[in-house]
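Welcome, and thanks for opening your viewer. Let's take a short walk from one selection to the next.

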Amino acid sequence: MLKHINIIILSSLILTFFACERDDNNTSKNLKVVEYAEIDSIIFNPERGFYAFNDFSTNNTSSLSESNLKFMVRNGHSLTYTAYTMPEFRDKLISEEFLNRIRVNMSLLREHGVKSILRFRYTTSESDRPWDATEEIVMQHIEQIKPILEEYADVILVMEAGFIGVWGEWYYTDNFNYRPAQNVEEYAPRRRVLDALLDALPNQRMICVRYPAAKLFTFGITHTDTITRQTAYNGSDLSRIASHNDCFLADQDDRGTFGGNRFYRQFWQKESKYLAMGGETCGLSSFSICDNAISDMEKYHWSFLNSSYHPNVLGQWNTSGCMDQIKKRLGYRFVLSKGEFTNQPKISEKFEINLHLKNVGFAAPFNPRAVELVFVNKTSKNEYKIELNDDPRFWFANEDVIIKHTVNLPSEMVTGEYTICLNLPDPEPTLYDNPLFSIRLANKEMWNSEKGYNELVTLNFQ
């Protein structure tokens, strides 16, 4: 329920507004101005935050369940890491039983408001040889999972490249040039795997690689050839290859992630503004203290992080007092400061709306996201929606955003009171109506959890 209440609390000459409405007589267009207050709590939002880790192996029969997905959501997780470890299939096709386990997991994600960080691998032990399958087998496996990726792309946050090496981390490998020289010829087998994955995964989703060098040398580019605003989200292969860092803050080089090359760090800083970035910490160090953690999450635009590893690093953040800030800021966090609306609107005339918000998170969303105005009749509850052409992927971290539109009101609207809402739903038809997949603004007295709407103001339309 909308609760734009005009409350003024005077205490020691301090004026506090809780969604305070006023008419701005200085505006030439007679706009009603509403000022909003930020909420200080950690809030649940899709496609960002700490993730719950799950490993499904040919050595066990485990799968996701309704109870553990509900538990994730209750604990604020909109993401789960789903690793599929396949030692049994290093020399043969994936069984139909294992493929069905993947399908069941994906279907449950869709029902319960959770998305997957997806990885396939063959072993999690350096002592278990071979470390991966041959290129021929890997290609067959990618072809087998392609229909699943196509059907359930809606609940895939990102896919990590995987398949190659222990843990699917592209380092220890028996079949893809262990410690390759830094040239496109040595990286060619890995490029063929990436090409197959890019073809198998629908192009609205990204694939994360483990090191800057993995992108630079599979594609034969330099550290200055970064994605820009002009080339972001254009469907090209380069615009879809993102990054994950699984030894974040372990030392000054994140355990070899950057190969001691400062230009690789610069590459990731620029790239990650437009591409996914996440992963996990892997050990306590002098670099894992709160100040460094926050600084690097800002620099590299972090969106997702393992909630269970490394426990010593996570414990340090808890005891040092920065854990809540990290939980709030991983990915995006949109705060609305002010809204301006046509005062005394009339059905037969145009309606103006200007919204002023800021992203105080570490990153912008990186998957497609719809933006809509919804006019909800207070009496009949009928809804009238207007799709806007704004793209939240360009609502960058630490930047102010203005959503400014003059719209034609739907002709079928009738006079009466309407609650005007901002709706940021998942554009996929399978998820569009599920409020768990809609973005909540970090503001007080605004969120309609039943509908997934951000309620802005109530006006009387003549």
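Begin by selecting Tyr171, Tyr187, Tyr211, Ala213 and Gly256: of the 16 residues lining the largest pocket, these lie nearest its centre. On a 1 Å grid over the protein atoms alone, a pocket is an open set of points where a 1.4 Å probe fits, with protein on both sides within 12 Å along at least five of seven lines, and lining residues have an atom within 4 Å of a point. The volume of this pocket is about 290 Å³, counted as the space filled by probe spheres set on the points, with grid points joined across faces, edges and corners. Its lining has nine nonpolar, five polar and two charged residues (Ala, Val, Leu, Ile, Met, Phe, Trp, Tyr, Cys and Pro count as nonpolar, Asp, Glu, Lys and Arg as charged, and the others, Gly among them, as polar).

A word on what you are viewing: this is a predicted model, where local features need pLDDT of at least 70 and side-chain atom pairs count only at pLDDT 80 or more, while totals for chains, interfaces and linings use all residues. Residues are numbered from 1 along each chain as its sequence is written, and side-chain values use heavy atoms, with hydrogens and water left out.

Next, select strand S10, residues 241-248. Strands (E, at least two residues) and helices (H or I, at least four) are DSSP runs numbered from the N terminus. Ile207 stands opposite Ile241.

Now follow S9 through helix H5 (residues 212-219) to S10, a right-handed β-α-β unit: with the strands pointing away from you, the path from the first strand over the helix to the second runs clockwise. From S10, the chain crosses through helix H6 (residues 262-271) to S11, again right-handed. S11 (residues 277-281) runs parallel to S10, joined by four bridges, and Phe248 has Thr281 as its bridge partner.

Move on to S5 (residues 49-57), where seven of the nine residues are buried. Parallel bridges join S5 to S6 (residues 79-85), seven in number, and to S12 (residues 304-306), three in number.

Finish at the open antiparallel sheet, ordered S16-S15-S18-S20-S19. S16 (383-387) and S19 (447-448) each have a single partner strand, so one side of each is left without a neighbour in the sheet.

Conventions
Pairing = 2+ DSSP bridges. Buried < 20%, exposed > 50% of the residue type's maximum accessible area, 1.4 Å probe, protein only.
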